[in-house]
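Hi,

Here is the structure I promised to pass on. Have a look at it first, and my notes follow below.

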Amino acid sequence: MSQPRPLLHFTPPAHWLNDPNGLVYQNGEYHLFYQHHPHSLTPGPMHWGHAVSHDLLRWEHLPIALAPDEHGMIFSGSAVVDENNTAGFGANALLALYTAHKEPGHLETQCLAFSLDGGRAWTKYAGNPVLPNPGLRDFRDPKVFWHADGWVMCLAAGREILFYTSPNLKDWTRAGSFAPQEIPRAAVLETPDLFELPVGSSRQMRWALTLGINSGAPAGGSGSCYFVGGFDGFTFTPETFGWMNYGPDFYAPQTWNNAPNARRICLGWMNNWQYAAQTPASEWRGMFSIPRELTLVESEAGISLAQNPIVEVNARRRKTFAMRGRTFQPGEYPLNGEQAAAWDVEAEIALGAADCFGFRIGASTDEETILFCDVAAQTINVNRARSGQVNFHKDFATIHSAPLPGGGMVALRILFDYNSVEVFVQNGRVVLSESIFPAAQAHKLTFFVAGGALTVKNLKVFQLQTEAL
Ligand code: FRU
């Protein structure tokens with residue numbers, strides 16, 4: 001039997017996938033490149049796989065864009081549109097900046113490739129590497145963007161982020177550095193991204209720096225965090241810190257350069273280096289999160305980064321089951337009782353006398369994933385201990401916990417797409433992202449309440465489908 005796929009989440013045509021790379025928009029197309037080993041289900045000599053989309057949900061697979069060469073394997077990086085021909089390959093050329101990784105010796109340098117036909121054919125720059133290794137281990141994952149009057153690169157270098165500037169994407173000058181204090185001791189930093197956003201609907205602007213850290217994330221293993229602060233073109237000054245995910249499976253986040261309407265859309269790898277090469281798979285392994293729109297919101301904790309599923313998901317909703325202002329006594333409520341491969345739930349709940357409430361998503365009580373709010377502990381939790389295949393790694397069958405910010409109301413958005421659950425709490429201020437490996441392909445949704453009554457102010461349940469209506 002062929003390995004089933006989620007409805008709306010990107011998976012590779014075959015074999016291994018990890019980080020999203022080279023996210024860039026040009027001429028109506030969102031480009032998605034990704035870390036890909038096209039010959040096996042485990043990591044190996046990395047390539048850049050490639051796909052394009054008009055709506056970020058329906059992807060057309062294209063041939064591999066970049067394959068290993070004399071400089072090494074093609075590790076993570078980014079892509080830009082060279083509107084003004086600063087690099088001399090042509091106006092509006094697409095340029096990719098990536099890490100070349102050489103074994104043995106773990107030598108990492110930064111290299112350049114260009115495309116003059118909308119990303120279909122790629123040529124590696126003859127002068128590679130454009131940034132040689134200065135004697136550092138773990139010197140990788142360039143994210144490049146245009147700022148003021150030149151190019152900026154952020155690069156992970158061990159436990160620091162380094163910034164470089166360039167007029168032409170070929171000659172790079174070292175600018176500042178940022179060494180975060182909040183990072184667990186053993187962690188290495190990877191896949192930085194840096195971008196500016198307005199704070200709420202105000203005219204105030206701030207910069208967000210997102211990072212992969214491996215390891216020591218809240219749910220164990222690799223995870224993603226962010227800093228909000230200032231960037232002066234040379235260095236970053238942090239104000240607030242937060243985790244992008246309290247679940248185990250959201251890594252190497254990257255945002256699209258040049259997305260229309262100043263949208264900042266982010267994609268993460270829904271996996272964890274702890275067990276990524278051991279997850280059940282027969283044809284393909286690895287997938288991306290639902291694309292998420294990022295915003296900055298002001299709260300009691302300062303300015304934080306919020307993530308919400310892109311609005312394009314709403315066009316895939318069908319069959320509403322809705323209720324308003326209904327009080328539930330302790331018990332189980334199978335909602336509309338139907339089974340579906342993918343669910344999208346919006347709930348607004350007033351905390352009353354109940355001490356626990358949540359949703360069970362699964363085929364039966366033998367195979368289900370449980371999302372619950374522990375009212376006394378003020379946490380939102382996901383329990384995947386009985387979610388399907390769990391025994392392939394000792395750290396998989398666990399419960400993950402996120403702090404619940406705010407007071408007496410809980411707003412939840414839950415996306416369940418066959419083999420993943422993504423929970424966006426309080427309008428995306430706190431997120432849990434989880435991979436699961438269920439045997440069943442259709443699941444039903446049950447709401448439950450324990451310890452006392454509770455009022456659902458608003459509940460909307462949709463089934464999701466692959467095609468827009
Ligand atoms: C992050 C990462 C990057 C590296 C790539 C290799 O998951 O380790 O630092 O460039 O994956 O596939």
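Let's start with the ligand: one of its oxygen atoms sits 3.1 Å from a polar backbone atom of S76. Bear in mind that this is a predicted model, and that the distances here are computed from it. R140 places a polar side-chain atom 2.7 Å from an oxygen atom of the ligand, and W273 does the like with a polar side-chain atom at 2.8 Å. How much of the ligand does the protein bury? On its own the ligand would expose 320 Å², and 94% of that is buried by the protein.

If you want to set up a selection, the residues around the ligand are N18, D19, Q35, M46, F75, S76, R140, D141, E190, Y251 and W273. By class, that shell splits into 4 nonpolar, 3 polar and 4 charged residues.

On confidence: the chain has an average pLDDT of 97, and 100% of the residues score at least 70. Going element by element, the lowest mean pLDDT is 93, for strand 22 (residues 317-328), while strand 2 (residues 29-37) has the highest, at 99.

Strand 2 also turns up in one of the sheets. That sheet is open, has 5 strands in the order 4-3-2-1-19, and its pairing is mixed. Strand 4 (59-66) and strand 19 (284-285) are its edges, each pairing on one side only. Inside the sheet, strand 2 runs antiparallel to strand 3 (residues 47-53), and 7 bridges join them.

Strand 6 (residues 93-102) pairs with strand 7 (residues 107-115) in the antiparallel sense over 9 bridges, and L95 stands opposite F114 of strand 7.

Now the aromatics: the count comes to 33 aromatic pairs. One of them is Y275 with F392, an edge-to-face pair with 6.2 Å between the centres and 80 degrees between the planes. Which parts of the chain does that pair link? Y275 is in the loop between strand 18 (265-269) and strand 19, F392 is in the loop between strand 28 (379-383) and strand 29 (399-403), and the two are 117 residues apart, so to speak distant parts of the chain.

Finally, some backbone details to look at before you set anything up:

- N128 and P129 are joined by a cis peptide bond, with omega about -5 degrees; P129 lies in the loop between strand 8 and strand 9.
- N214 and S215 are joined by a cis peptide bond too, with omega about 15 degrees. S215 is in the loop between strand 14 (205-214) and strand 15 (223-231).
- A252 is not a glycine, yet its phi is positive, at about 55 degrees. A252 belongs to strand 17 (residues 251-255).

Cheers

How values were computed:
Residues numbered from 1 in each chain as written. Heavy atoms only, no water. Near = heavy atom within 4 Å. Polar contact = N/O pair within 3.5 Å; in protein donor to acceptor, adjacent residues only side chain to side chain. Areas by Shrake-Rupley, 256 points an atom, 1.4 Å probe, with all protein chains shown as cover. Nonpolar A, V, L, I, M, F, W, Y, C, P; charged D, E, K, R; others polar. pLDDT = per-residue confidence, 0-100. Helix = DSSP H or I, 4+ residues; strand = E, 2+ residues; numbered from the N terminus. Pairing = 2+ DSSP bridges. Phe/Tyr/Trp six-rings, centres within 6.5 Å; stacked < 30°, edge-to-face > 60°.
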